[in-house]
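Subject: Structure handover and notes

Hello,

Here is the structure we spoke about, with the sequence alongside. Please open it first, then read the notes below.

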Amino acid sequence: MHSKYNPLSLSMQRRTALKTLGGAAIALTSPAVLRPGFAQDGTIKLGAPMHRTGIGASYGRWYERTATAAVKLVNEMGGINGRKVEMIVEDDGTDPKRGTEVVEKFATQYKVDAIFGHLFSNVVAAAAPRAGELKVPYFICSEASLLGAGKLNRYTFQPGITDVRAQVQAMAPWIGSTIGKKVTMIFPDYNFGHDHRDFFTAAIKAQGGEVVAKIAVPPTETSFTRYFPQIPPSTEVIYHVMVGPAVLTFVKELGDYLGSKRPEIFGFIDSLEAVNFNTPQLGFLEGTYFWEAYPRYAQANQTEFDKFFREKVGVDANGASIADPKDISTYSHMFSCWETLFVIKQAMEMANYRGPEQKKDLVVAMESMTSFAEGKEHPQGAKQFNGKTHQVFGSQNISKVEGGKLKVVHRTKIEDGLYESPTDYTKMDL
Amino acid sequence: MTASAFRKNLTLTLLVLAALLLLQFVLPEYYVLMATRMMVLAVFTVGFNALLGYVGLLSLGHAMFFACGLYAAGLSVYHFGFSLPAAFGVSLIASAALSLVIGAITLRTIRVSFMIVTLMFAQVGYLAVLYFAEWTNGQEGLSLPASARQMALGPWTLNIADAVTRYNIALVLLAASLGLLLFYLKGTRGRVATAIRDNEGRTEMLGFNVFAAKLEMFVLSGTLSGAAGAAYGLLFGYLGATFASFQYSIEALLFTLLGGAGTLLGPLIGVVLMVAMIDKLSELTSAYFLVIGVILIVLILWFPKGILGTIRERWAPWLL
């Protein structure tokens, strides 16, 4: 058998190739690329691995904007211990492997003082052990319940947002007593979704309710119609939490499937973060409920801190960008970057932090913290911090869709989400 | 290959390896880490290139073998507490066995069908990693504990998470894979392989068992890829489904095309340039994959023989 097929048989035009390579060489040696060499001395350098691309891109875009606004404000306030804060952003592609590489890059090339901003739990789970090995303080803005479960390490902290376990524990009593006890769960089939599945199942059981079906959807799924027939007729409440670029498709298809006779629906706002509620076909969501860490729509009792936060980040009263009302923020999550940055500032000031040789002091200072008062630094609300588990606790909001907007109908207390954990990272070596 | 050409190739390979050995003393910390990663990926690409460059078979599913080695080594350490050498041995056996089975099936197809079938098998591999989440922890993956990445070596403890140790292990692995391929190509079997690439019909007419020769190279290629996967998992301590994804098969192709398919050191050059480029471009733009896509198109259209392939064509015909 004779094969004439040869994928490498085309000829080359040397001049063109040299030009291309020359262009690449010039681009790679430009000052913009050699940035680490030009980093300013005497600044506090914070590495910000962001989900600029990949399935977390809509979160990443707003995380970056929020973090940029927070850094600007910190610098306007005089920096940290008199030092200017410099934020170095790199894309991690919402990919665990690249996320880990970026953490390594921050630690060993940029030699940052701390890293903050990772959200997706699969990226956090991969990157946190490396941060621990490299002994660089790593502040996650995730909701992963990994810290309380003792799976991470002494250098990893979550001081800006509560974890899934606390969230579902705080809300289960309200769900069980107000909208129904027989729940069907639809969740993404990876750690974040599994946390929802496991912790909510236990929490609703404690309320005398039960989960009648658990529908796991692969995170890369783009069409959901085939999953909905698994919803049992006895379902009183559909509990949904989805993430990624297909969330809008998911919610639309859910509406199409359910039609006019639907059970109560309780969703995590993750299913509609960065999505406009006024999208046609989302009308069926009227009267349904959502969890929000931080209410997207400015409420009647809006605090001055919320006004301040929206103004600084550039978000209007509807949770959209001031520059473009069609650009909806990930309001319920992105505050975590803001609050985390101010916690880092506070801890560095406590430790009288001057440079990377004091990273251990920063860790110890973090572990000594117990609470954060509501204010401009913590616009989402007051919080309690557990220095042993490195996890923060706060209030949750349950909002109802009314007139195409979310109105808060219940706000939990901090204590509702507190849970015991045998984990004590302070016993680990520094 | 003449004796003098072999000597030249051997000398060049040894010089490159010696340079890599010395490099660890001058490179800053981050670049030592990068170079380690590059060398492991180079082993993967050497494996991929063994098939594409020397037999002319373009597989689009080599991430499967990389992931096979990664998980075979990682899971035997994570779940069963295997020692590091034992885990590495398991990964070699597993990836050799997998490539034997997959090769026996896919080599019944040719050209585009071969690409599609290897791609489909790789997708099965990727989905299997997600499906057996109880063992693999699916998308999130597993991190090997620090204690599992150490082993006793006489009176000493060898910590493979240590940057210098890791660098040298990667270097030894790269040297072994280059040496293996060099000597393989020097022998009769290597010449049969390249004969198949140049003219499969004629090789068959001459009485050689083409299928067996292709399968042999397929197994060698898959095992080298698996060894790279195992090294990656053990040295960097993370096992994730990403490594089994389509993107990884394409990256191996890209590295090979850039460095020069059918050249011994081309994969190393391709990996070094491409990984450095991804790392630097990602600082400038989030569209770095777009740029890399454009580079691939440019390569295929105007630069199809890659860097070493072009050098061989113009200046150094003895290059293997």
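This is a predicted model: local features need pLDDT of at least 70, side-chain atom pairs count only at pLDDT 80 or more; totals for chains, interfaces and linings use all residues.

Chain B averages a pLDDT of 92, and 100% of the residues in chain B score at least 70.

Strand E9 (residues 264–268) of chain A is mostly covered, since 4 of its 5 residues are buried.

The five-stranded sheet of chain A

Chain A has an open sheet of 5 strands in the order E2-E1-E3-E4-E5, and the pairing is parallel. E2 and strand E5 (156–157) of chain A are the edge strands, and each pairs on one side only. Helix H3 (residues 57–76) of chain A packs on this sheet and touches E1, E2 and E3 of chain A. The direction of H3(A) makes about 170° with that of E2(A).

Within the sheet, strand E1 (residues 44–50) and strand E3 (residues 114–118) of chain A are joined in the parallel sense by 2 bridges. If you want a place to look, find Leu46(A), which stands opposite Ala114(A) in E3(A). Another helix, H10 (residues 331–350) of chain A, lies across E1, E3 and strand E4 (138–140) of chain A. H10(A) runs at about 165° to E3(A).

Glu90 of chain A

Glu90(A) sits in strand E2 (residues 85–91) of chain A. Is Glu90(A) buried or exposed? Glu90(A) counts as buried, because it has 22 C-beta neighbours inside 10 Å, and the cut-off for buried is 20 or more. Leaving out residues up to four places away in sequence, Glu90(A) touches Pro49(A), Val102(A) and Lys105(A), and also Ser282(B) and Glu283(B). The contacts of Glu90(A) therefore include residues of chain A and of chain B. Val102(A) is 12 residues from Glu90(A) along the chain, and their C-alpha atoms are separated by 7.0 Å.

Two residues with positive phi

Thr94(A) is not a glycine, yet its phi is positive, near 50°. Thr94(A) lies in the loop between E2 and helix H4 (96–110) of chain A. With 24 other C-beta atoms within 10 Å, Thr94(A) is buried.

Asn352(A) also is not a glycine and has a positive phi, of about 50°. Asn352(A) is in the loop between H10 and helix H11 (359–367) of chain A. Asn352(A) is exposed, because there are 10 other C-beta atoms within 10 Å of it, and the cut-off for exposed is 12 or fewer.

The three-stranded sheet of chain A

An open sheet of 3 strands in chain A has the order E11-E12-E13, with antiparallel pairing. Strand E11 (371–372) and strand E13 (391–393) of chain A are at the edges with a single partner strand each, so one side of each has no neighbour in the sheet.

E11(A) and E12(A) are antiparallel and joined by 2 bridges. Phe372(A) has Lys383(A) in E12(A) as its bridge partner. Strand E12 (residues 383–386) of chain A is in turn joined to E13(A) by 3 bridges, also antiparallel. Here Asn386(A) has Gln391(A) in E13(A) as its bridge partner. E12(A) and E13(A) form a hairpin with 4 residues between them. In the turn, His390(A) has a positive phi of about 65°.

Two helices of chain B

How do the axes of H2(B) and H11(B) cross? Helix H2 (residues 29–54) and helix H11 (residues 246–259) of chain B cross at roughly 75°, and their axes come within 9 Å. The two helices are therefore roughly perpendicular to each other. On the H2(B) side, the contact involves Phe44(B), Thr45(B), Phe48(B), Asn49(B), Leu52(B) and Gly53(B). On the H11(B) side are Ala252(B), Phe255(B) and Thr256(B). Sorted by kind, the residues of this contact are 5 nonpolar, 4 polar and no charged.

Regards

Definitions and conventions
Residues are numbered from 1 along each chain as its sequence is written. Chains are lettered from A and ligands numbered from 1 in the order in which they are written. Axes are lines fitted to C-alpha atoms, for helices over the stretch in contact, and angles run from 0 to 180 degrees between N-to-C directions. Angles under 35 degrees count as roughly parallel, over 145 as roughly antiparallel, 65 to 115 as roughly perpendicular and the rest as oblique. Two residues are in contact if their C-beta atoms, placed from the backbone, lie within 7 Å. Ala, Val, Leu, Ile, Met, Phe, Trp, Tyr, Cys and Pro count as nonpolar, Asp, Glu, Lys and Arg as charged, and the others, Gly among them, as polar. Two strands pair if DSSP finds at least two bridges between them. pLDDT is the predictor's confidence in each residue, from 0 to 100.
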